[in-house]
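Work through the following exercises with the model open beside the text, and try each task before reading its solution.

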Amino acid sequence: MAPADCFESDSRSSFPLEHSFSDTTHLHKKSHSGVHVVSTPLDANIEGEYPDGGLQAWTVVLGAFCATFSSFGYINAWGAFQDYYQSTLLQQDSGATIAWIGSTQYSLALLPGLFAGRLFDVGHFHVPYIIASISLVACTLLTAECKNFWQLWLCQGLGVGVSCGFLYGPTSGIVAHWFRLKRSSAWTIVTLGSPLGGIVFPIAFRNLTVAIGFSWTMRIVALIMALTLGIANLTMKRRLPPKVVSGGMFNLRQFRSMAFCLFLLGGFLGYFGLYTVLTFINSSAPSQGIPIGMSPYLVSIASVGLAAGRIVGGWLADRTGALTVLAPATCFAGVFTLIWPFVHGIGPLVTIILLYGIFAGAFAGLQLAVPITAFGDDADVGRRTGMCLTISAFSALAGPPMSGALNASTGTYAATGICAGSFLLLGGAVFLCTRCILLKGRGWRDRV
């Protein structure tokens with residue numbers, strides 16, 4: 001599931017070379033977050049002219065949608081791979097061990113966010129993006145040849161994770177170059193690529209492995225990625241020039257804000273529990289009275305909920321504020337994670353995972369919308385969002401293996417659901433505290 005995040009508009013872009021920045025007067029200013037920004041009159045003129053539509057802008061959205069489909073959409077399908085590896089390819093390894101492949105994917109899709117965001121802020125986009133696209137396709141092709149855990153961890157865990165991380169960060173920022181008034185609508189379309197991939201890839205994987213085997217299935221998946229990422233590289237382009245922002249990878253001044261530190265803690269706790277259901281839902285299904293033929297489709301059903309949650313969550317956030325929606329959504333995702341291991345039968349389980357998907361989708365869709373809008377200036381947004389992604393990556397790495405170890409030690413998924421759900425509930429409570437701090441001295445109903 002993709003954290004939905006927008007490196008907002010002041011990460012700048014490939015600008016026509018005939019405009020010489022040396023001929024303009026540079027204006028130095030210091031933001032309230034302590035970030036020195038160098039801007040020019042030319043920047044101001046460009047920034048005021050967002051297309052907010054038109055063929056080229058919506059073509060960029062199409063490319064970003066395709067990139068999200070092949071990166072986080074593929075990662076969201078991990079539950080289908082976990083089940084297949086446990087039952088077929090890696091029978092000699094425990095579920096907790098196999099889960100390290102998926103958690104490495106989840107983590108590394110977030111961890112490069114700081115570096116990718118900083119590169120994007122200073123104007124580097126096309127070359128890193130092409131390299132990451134080629135790397136993702138190559139690692140998927142290599143996965144087809146893997147026979148043991150360490151080979152799969154290197155190719156599907158490490159290689160795919162890093163590649164998706166460098167694809168996802170710039171993708172989330174590029175839309176902001178082309179849209180301002182319609183940014184929420186454009187971003188909603190882009191983020192739908194993640195749950196759509198989570199629907200398509202598990203169903204394709206299940207049916208193709210039965211028909212043509214694992215190796216050829218992975219080659220077909222790589223072909224799908226090559227086509228969609230080819231579209232992304234041809235259509236996605238920056239519009240705005242880069243801005244020079246002082247400092248290194250981390251803006252340490254940001255940690256002076258108690259609200260920002262609490263928000264990072266909420267995201268860290270939330271990611272500990274977020275991916276547990278998606279990782280183990282297929283594996284737990286037989287013990288919950290689900291027919292073997294039905295269980296491979298549960299990840300796809302959850303992804304339908306993820307898509308709905310992103311749409312509804314974004315719509316509500318536009319009207320009430322991202323953090324206002326994020327806090328209760330995280331709590332409800334925790335509640336349905338707690339309930340998940342205790343339901344039996346197709347109807348109750350499908351209902352629970354759809355509801356989980358809706359609230360988890362809202363979490364993924366809004367968790368990084370908050371640092372964009374609430375914690376500082378646009379000029380530093382790539383770095384600030386990258387900080388959130390990088391810190392959350394460590395809990396995303398540890399969460400699924402920890403859940404798998406609990407299952408192995410207890411023999412049931414009850415402790416797994418209780419632990420993961422509790423982390424999400426704690427994350428939601430911390431988000432609520434963050435909102436209280438941001439609203440200090442203001443009305444409770446104000447947007448934030």
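**Exercise 1.** Is phenylalanine 359 buried or partly exposed?

*Solution.* The model is a predicted one, and the class follows from the computed accessibility. Burial requires a relative accessible area under 20%; phenylalanine 359 has 22% relative accessibility and therefore counts as partly exposed. Phenylalanine 336, at 13%, counts as buried. The rings of phenylalanine 336 and phenylalanine 359 form a stacked aromatic pair, with 5.9 Å centre to centre and 15° between the planes. This pair links distant parts of the chain, since phenylalanine 336 lies in helix H15 (residues 322-339) and phenylalanine 359 in helix H16 (residues 346-366), 23 residues apart.

**Exercise 2.** Describe the aromatic pair of phenylalanine 69 and phenylalanine 201, and state which parts of the chain this pair ties together.

*Solution.* Begin with the geometry: the centres are 5.1 Å apart and the planes make an angle of 35°, a tilted arrangement. Next, locate the residues: phenylalanine 69 belongs to helix H2 (residues 55-70) and phenylalanine 201 to helix H10 (residues 193-212), so the pair ties together parts that lie 132 residues apart in sequence. Phenylalanine 69 is buried at 9% relative accessibility, and phenylalanine 201 is buried at 3%. Finally, ring pairs join both residues into a cluster whose members include Tyr74, Trp78 and Phe205.

**Exercise 3.** Characterise the packing of helix H13 with helix H14.

*Solution.* The axes of H13 (residues 276-284) and H14 (residues 298-320) come within 9 Å and cross at roughly 150°. H13 contributes Leu278, Ile281 and Asn282 to the contact, while H14 contributes Leu298, Val299, Ala302 and Leu306. Sorted by class, the contact has six nonpolar residues, one polar residue and no charged residues.

Note on methods:
Residues are numbered from 1 along each chain as its sequence is written. This is a predicted model: local features need pLDDT of at least 70, side-chain atom pairs count only at pLDDT 80 or more; totals for chains, interfaces and linings use all residues. Side-chain values use heavy atoms; hydrogens and water are left out. Axes are lines fitted to C-alpha atoms, for helices over the stretch in contact, and angles run from 0 to 180 degrees between N-to-C directions. Helices (H or I, at least four residues) and strands (E, at least two) are DSSP runs, numbered from the N terminus. Contact means heavy atoms within 4.5 Å. Ala, Val, Leu, Ile, Met, Phe, Trp, Tyr, Cys and Pro count as nonpolar, Asp, Glu, Lys and Arg as charged, and the others, Gly among them, as polar. Rings of Phe, Tyr and Trp (its six-membered ring) pair if their centres lie within 6.5 Å; planes under 30 degrees apart count as stacked, over 60 as edge-to-face and the rest as tilted. Buried means under 20% relative accessible area, exposed over 50%, partly exposed in between (1.4 Å probe, protein chains only).
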